[in-house]
Amino acid sequence: MDRDRRRTDRSIALMVEELDQLNSGLEQLVAERTAQLSTLRTQLEATLENVDQGIIMTNATGQILVGNHRAHELLGSNPERRFDRLDPIDFPFAAIAADGARRVELTRPGGIMLEVRAAALADGGTVFTILDITERRRREIELRQAEAEYRSLFENSVVGLYRTSIEGRQLRANPALVKLNGYTSETELLAAVNDISVEWYVDPRRRDEFVRRMLENGRVTDFVSEIYRHATREKTWVSESAWIVRGPNGEPLCFEGTVIEANERIAAQTAIEHMAHHDALTGLPNRLLFLNRLRSALATRAADGLVSVLCLDLDRFKEVNDSLGHPAGDALLRAASARLAATVRAGDLVARLGGDEFAILCVDASSPYDMASMAARIVDVLSAPYDIEGQQAVVSVSIGVAITTDSGGEPDTLLRNADIALYRAKNAGRHTYVFYEARMNAEIMTRRQVELDLRNALGNNELDLFLQPIVDIADGEVRSYEALLRWRHPGRGFVPPAEFIPVAEEAGLMAPIGEWVLHRACAIAAKMPGRTPVSINLSPVQFRDRTLVETIAAAIATAGIEPGRIEIEITESVLMMGDPLTVLTLNRLRGLGIRIALDDFGTGQSSLSYVQKFPFDKIKIDQSFVAKVHDDRINAAIVRAVVALGRDLDIDVIAEGVETEEQLACLKAEGCRWFQGYLFGRPAPAGMIVPGLDFDMSRPRLSGLTPDDHLGAERRRHGHRA
Ligand code: C2E
Ligand code: MG
Ligand code: MG
């Protein structure tokens with residue numbers, strides 16, 4: 001029994017010990033688990049407090065089990081106040097869970113927008129998540145507004161807007177661009193266009209250029225091209241600006257751009273360009289365009305290709321302009337231009353260089369022979385009479401021709417050489433054409449030198465007057481002297497007036513030289529024994545000076561002589577200018593008592609008509625008639641007629657250039673009474689004839705020769721050169 005009890009006691013003790021052990025193990029486990037739970041809770045709470053969303057969890061009865069700080073913040077509740085339940089004021093969304101709705105948006109006071117989502121739990125509870133969507137909604141609204149704005153711009157812009165693929169497929173087009181292409185809707189246009197490079201640009205290479213510039217610079221600005229309106233194929237000019245739209249990695253996605261019509265601009269540009277390159281009066285190309293064409297013709301000609309330049313100048317245009325008036329002059333220029341344009345070959349360029357100067361450029365088929373026949377044709381065509389506002393006008397033309405064979409390939413040289421040849425044509429009596437030869441260039445250079453030297457001649461006292469007697473055959477006495485201008489050039493000796501007077505006239509030096517002659521001649525006349533008259537030659541150029549009468553009157557007054565001692569010699573060319581003031585001037589001179597002689601009679605085209613225009617006191621028969629009077633019946637007849645005319649009109653007739661007794665005999669037989677010529681006396685320094693004149697003996701006298709012999713030698717030398 002005892003043994004049994006002891007055994008029982010021992011087993012009980014063992015059991016208790018075992019239970020104790022178990023108990024303490026359990027306690028440890030509980031402690032461990034509690035600690036674990038606490039950590040988990042802390043973690044969960046930290047997470048809950050740190051999420052951007054508000055979170056609330058309720059049980060089936062609506063009691064709040066969990067609610068984070070953010071939920072309180074978003075709901076605008078006092079975060080210190082702890083909620084127990086979902087009440088409808090603080091939680092206006094409480095009902096959604098009941099309604100089965102899963103999502104609701106709320107606007108809180110202050111405009112804050114919340115999105116609340118509800119998730120039902122298995123035990124009947126609910127988890128609410130609350131998100132602040134104010135910013136998101138604001139962005140959405142802004143985006144929508146911006147989109148509407150851009151759409152409005154796109155739709156309403158008068159500028160065409162587009163987007164195309166890099167390959168040239170049309171992706172978008174706004175109504176302006178749709179309309180520009182002749183369509184009514186974007187869809188219609190997008191459906192019709194396949195490849196703008198070939199369908200849009202009149203010159204398909206424009207698209208290549210466009211893409212090239214685009215890829216090079218990332219954009220093109222004001223890219224002007226002629227395009228087809230896609231629907232109608234009608235051409236129009238546009239200006240494009242465009243840029244590349246790139247993907248996130250910078251890869252080109254498409255092109256976008258604007259298009260405006262540029263027709264007016266192109267028209268204005270074209271007009272300006274035209275104006276810059278054409279002459280307003282005749283519509284012909286001007287000097288600028290002519291030179292451009294000449295330059296490119298010379299640059300592109302074949303090795304054996306000929307380029308020719310013709311320089312034209314209308315003869316006596318100024319006279320027509322002065323007598324018929326400027327409007328008539330303009331009309332004449334237009335008419336002449338039209339004739340020119342109609343006369344040249346297709347492909348030749350006619351230009352107006354200015355005034356009455358024209359130029360023609362002929363490329364290729366121009367052999368020198370072609371050029372000659374063309375120049376001859378132009379001289380003919382332009383010289384036919386013009387009908388200008390009911391009046392007949394006649395001009396002719398002088399032409400200079402230069403061809404690359406003689407002038408080389410420089411545009412300026414070619415033009416200058418044609419000009420030199422033109423000058424030659426003018427000197428050759430006009431109404432003709434002359435081809436440039438290298439020799440002419442040398443002549444021009446000499447002429448330029450003459451001009452330079454002449455400018456110093458007056459100041460250096462290099463000018464002088466010689467006197468040549470005019471004799472009355474009735475008594476063999478000197479009736480008067482003609483004053484003839486001489487230039488003692490320091491290097492060249494005596495330069496004949498024929499060589500330097502035309503230069504002086506052109507260089508504007510004739511006025512001062514003419515005035516010097518007048519004063520000098522009057523001074524000579526003052527010292528002249530027996531009050532012999534002196535005749536003075538006047539250049540046509542001097543008649544352009546409106547104070548000519550006063551200048552002459554002053555020279556006479558300074559010398560203190562009677563005006564009757566002075567005679568003026570003019571040539572037909574003075575009257576040929578057609579200036580009505582010339583006759584007035586002559587009459588005023590006549591009124592002063594000065595006599596007027598018509599010099600070189602018979603050399604002009606209609607000498608007789610000038611005798612009718614002004615009542616001359618004297619006529620001087622030109623030496624060309626006198627020279628042949630003895631062996632040419634016609635010349636003899638002319639001399640006879642002029643002498644008869646003089647007798648009938650009471651005009652003295654003087655024969656110039658009488659060198660031989662034979663000529664004298666003939667002239668006397670024809671009734672001539674007054675003579676001038678080497679037979680009676682060569683021109684000689686005034687000091688040799690007029691005693692007491694300040695004749696400067698220190699000037700070099702050339703041994704054995706009278707000064708005029710020397711002049712003759714000089715002239716013969718010149719003749720050899722020419
Ligand atoms: P012109 O008025 O007809 O003068 C006559 C020209 O014939 C002079 O030439 C004279 O030297 C030349 N001469 C005279 N007798 C004979 C002759 O028997 N045989 C030949 N072969 N010739 C003779 P020059 O002095 O050389 O003058 C030429 C022209 O220059 C003049 O022709 C005149 O038109 C112009 N001239 C001369 N002096 C002046 C001047 O002071 N002012 C202007 N404006 N022109 C002038
Ligand atoms: Mg004379
Ligand atoms: Mg003469």
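In this predicted model, the magnesium ion (ligand 3) and the magnesium ion (ligand 2) lie 4.2 Å apart, with Asp599 coordinating both. Asp599 belongs to strand 23 (residues 595-601), whereas Glu656 sits in the loop between strand 25 (652-655) and helix 25 (661-669), so this pair ties together parts that are 57 residues apart in sequence.

The magnesium ion (ligand 2) is coordinated by Glu482 (OE), Asn537 (OD1), Glu569 (OE) and Asp599 (OD), at 2.0 to 2.2 Å. Here the donor residues are spaced E-x54-N-x31-E-x29-D in sequence. Because Glu482 lies in strand 19 (residues 477-489) and Asn537 in strand 21 (residues 534-537), the pair ties together parts that are 55 residues apart in sequence. Glu482 is buried, with a relative accessible area of 4%, while Asn537, with a relative accessible area of 29%, is partly exposed. When either site is read, it should be kept in mind that water is not among the atoms, so sites may look incomplete.

The next topic is charged side chains. Side chains of opposite charge can pair when their charged atoms come close.

| Pair | N to O distance |
|---|---|
| Glu256 and Arg163 | 2.4 Å |
| Glu567 and Lys618 | 2.3 Å |
| Glu670 and Arg640 | 2.6 Å |

The salt bridge between Glu256 and Arg163 links distant parts of the chain, since Glu256 is in strand 10 (residues 252-261) and Arg163 in strand 6 (residues 160-165), 93 residues apart. Glu256 counts as buried at 18% relative accessibility, whereas Arg163, at 33%, counts as partly exposed.

For the salt bridge of Glu567 with Lys618, Glu567 is located in strand 22 (residues 566-570) and Lys618 in strand 24 (residues 618-621), so the pair ties together parts that are 51 residues apart in sequence. Glu567 is buried, its relative accessible area being 3%, and Lys618 is buried as well, with a relative accessible area of 1%.

In the salt bridge of Glu670 with Arg640, Glu670 lies in the loop between helix 25 and strand 26 (674-676) and Arg640 lies in helix 24 (residues 633-649), so the pair ties together parts that are 30 residues apart in sequence. Glu670 is buried, with a relative accessible area of 16%, and Arg640 is partly exposed, with a relative accessible area of 43%. Elsewhere, Arg103, Glu105, Glu115, Arg117, Arg136, Arg137 and Glu140 are joined into one network by salt bridges that share partners.

A helix contact comes next. Helix 11 (residues 317-324) packs with helix 12 (residues 326-343) at an angle of about 140°, their axes being 6 Å apart. That angle makes helix 11 oblique to helix 12; the class is reached because only angles over 145 degrees count as roughly antiparallel. On the side of helix 11, Phe317, Val320, Asn321 and Leu324 take part, and in helix 12 they meet His326, Ala328, Gly329, Leu332 and Leu333. By class, this contact has six nonpolar, three polar and no charged residues.

The last topic is backbone geometry. Most residues other than glycine have a negative phi, and most peptide bonds are trans. Glu389, although it is not a glycine, has a positive phi of about 50°; this residue lies in the loop between strand 14 (386-388) and strand 15 (391-393), and it is exposed, with a relative accessible area of 61%. His431, likewise not a glycine, has a positive phi of about 55° and is found in the loop between helix 15 (411-427) and strand 17 (433-435). At 41% relative accessibility, His431 counts as partly exposed.

Conventions: Residues are numbered from 1 along each chain as its sequence is written. Chains are lettered from A and ligands numbered from 1 in the order in which they are written. This is a predicted model: local features need pLDDT of at least 70, side-chain atom pairs count only at pLDDT 80 or more; totals for chains, interfaces and linings use all residues. Side-chain values use heavy atoms; hydrogens and water are left out. Axes are lines fitted to C-alpha atoms, for helices over the stretch in contact, and angles run from 0 to 180 degrees between N-to-C directions. Helices (H or I, at least four residues) and strands (E, at least two) are DSSP runs, numbered from the N terminus. Angles under 35 degrees count as roughly parallel, over 145 as roughly antiparallel, 65 to 115 as roughly perpendicular and the rest as oblique. Contact means heavy atoms within 4.5 Å. Ala, Val, Leu, Ile, Met, Phe, Trp, Tyr, Cys and Pro count as nonpolar, Asp, Glu, Lys and Arg as charged, and the others, Gly among them, as polar. Donors are N, O and S atoms within 2.8 Å of the metal (3.2 Å for Na, K and Ca); water is not among the atoms, so sites may look incomplete. Buried means under 20% relative accessible area, exposed over 50%, partly exposed in between (1.4 Å probe, protein chains only). A salt bridge is a side-chain nitrogen of Lys or Arg within 4 Å of a carboxyl oxygen of Asp or Glu.
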